[in-house]
Amino acid sequence: METLLDSRAILSVSPHVLGAVRNTECNLAVWERQSDPSFATLLCDDCDDVRFAAPLAGLEARLRSELEKAGYPETAERAALIADIVDLAEQYSAIMELDAISVRLALVTTNSCRKFHGDYVKARLITTYIGTGTQWLDTEDANRVARGEQPLRIQKLTAGDVGLFKGKMWTQSPAIHRSPPIEGTDQTRLMLVLDPPRPA
């Protein structure tokens, strides 16, 4: 069952909802799913962020290598994380008609991207495995922010939710969102971002 929050955001417990972003009237598709609490074991002060672009073919092996280099120990939780990233990458690539993607897995403790904005990409997939999810605005509040006003209500993804955010390279009405302000709260977010690869 799908929930239409406003004229542009669609939420559902089915992964098929992500394909709704291809519809002209939709700028945000959210797959509502449960987070895996065991991923909390992956939160490590010594782990580096992972960022690379690669073909979809061979992505699992590349992820294993990159996570090992970043300091993530070889555990069942790491294997489950890799499997989930590969699954999301396959879904994202099918929707976006890509054979390569850009992957960013980050441990976030600051107010990165603290201002509401639309991304300069065609569409971006975001999920937060652990911690507070990405905040976003419905159409009315996005218009308020565009006028320099404060939003009346801030929506947010929960841990585990997958959001496919249409960007400025696809529409003049991109999904407006930001990272949650967590600096000074001792929170750590484990966040995945999938983008189209940058042109060479």
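Helices (H or I, at least four residues) and strands (E, at least two) are DSSP runs, numbered from the N terminus. The structure is a predicted model, in which local features need pLDDT of at least 70, side-chain atom pairs count only at pLDDT 80 or more, and totals for chains, interfaces and linings use all residues. Residues are numbered from 1 along each chain as its sequence is written, and side-chain values use heavy atoms, with hydrogens and water left out.

Asp46 is located in the loop that runs between strand S3 (28-31) and strand S4 (50-55). Relative accessible area is used here to class residues as buried (under 20%), exposed (over 50%) or partly exposed (in between), with a 1.4 Å probe and protein chains only. Asp46 counts as exposed because its relative accessibility is 67%. Together with Asp45, Asp48 and Asp49, Asp46 forms a patch of negative charge on the surface. Such patches are made of residues with over 30% relative accessible area and no salt bridge, like charges being joined within 9 Å and nonpolar side chains (Val, Leu, Ile, Met, Phe, Trp, Tyr) within 5 Å. The place of a charge is taken as NZ of Lys, CZ of Arg, CG of Asp or CD of Glu.

Glu97 is found in the loop between H2 and strand S5 (100-108). With a relative accessible area of 74%, Glu97 is exposed. Although Glu97 is not a glycine, its phi is positive, at about 60°.

Salt bridges were then examined, each being a side-chain nitrogen of Lys or Arg within 4 Å of a carboxyl oxygen of Asp or Glu. The search of the whole structure gives 10 salt bridges. In one of them, Asp84 pairs with Arg33, and the closest N and O atoms are 2.9 Å apart. This pair connects distant parts of the chain, since Asp84 belongs to helix H2 (residues 76-96) and Arg33 to the loop between S3 and S4, 51 residues apart. Asp84 is buried because its relative accessibility is 14%, and Arg33 is likewise buried, with a relative accessible area of 17%.

A further salt bridge joins Glu66 to Arg62, with 2.8 Å between the closest N and O atoms. Glu66 and Arg62 are 4 residues apart in helix H1 (residues 59-69), so about one helical turn separates them. Glu66 is buried at a relative accessible area of 13%, while Arg62 is partly exposed at 31%. Arg62 and Glu66 also belong, with Lys69, to a network of salt bridges. Asp119 and Arg124 form another salt bridge, their closest N and O atoms being 3.0 Å apart; both residues are buried.

The side chain of Asp138 reaches the backbone nitrogen of Asp141 at 3.0 Å. With a relative accessible area of 38%, Glu149 is partly exposed. The side chains of Glu149 and Arg147 are joined by a polar contact of 3.2 Å. A polar contact is a pair of N or O atoms within 3.5 Å; within protein, one must be able to donate a hydrogen and the other to accept it, and residues adjacent in sequence count only if both atoms are side-chain atoms.

Conventions:
Areas by Shrake-Rupley, 256 points an atom, 1.4 Å probe, with all protein chains shown as cover. Lys, Arg positive; Asp, Glu negative; His and termini not counted.
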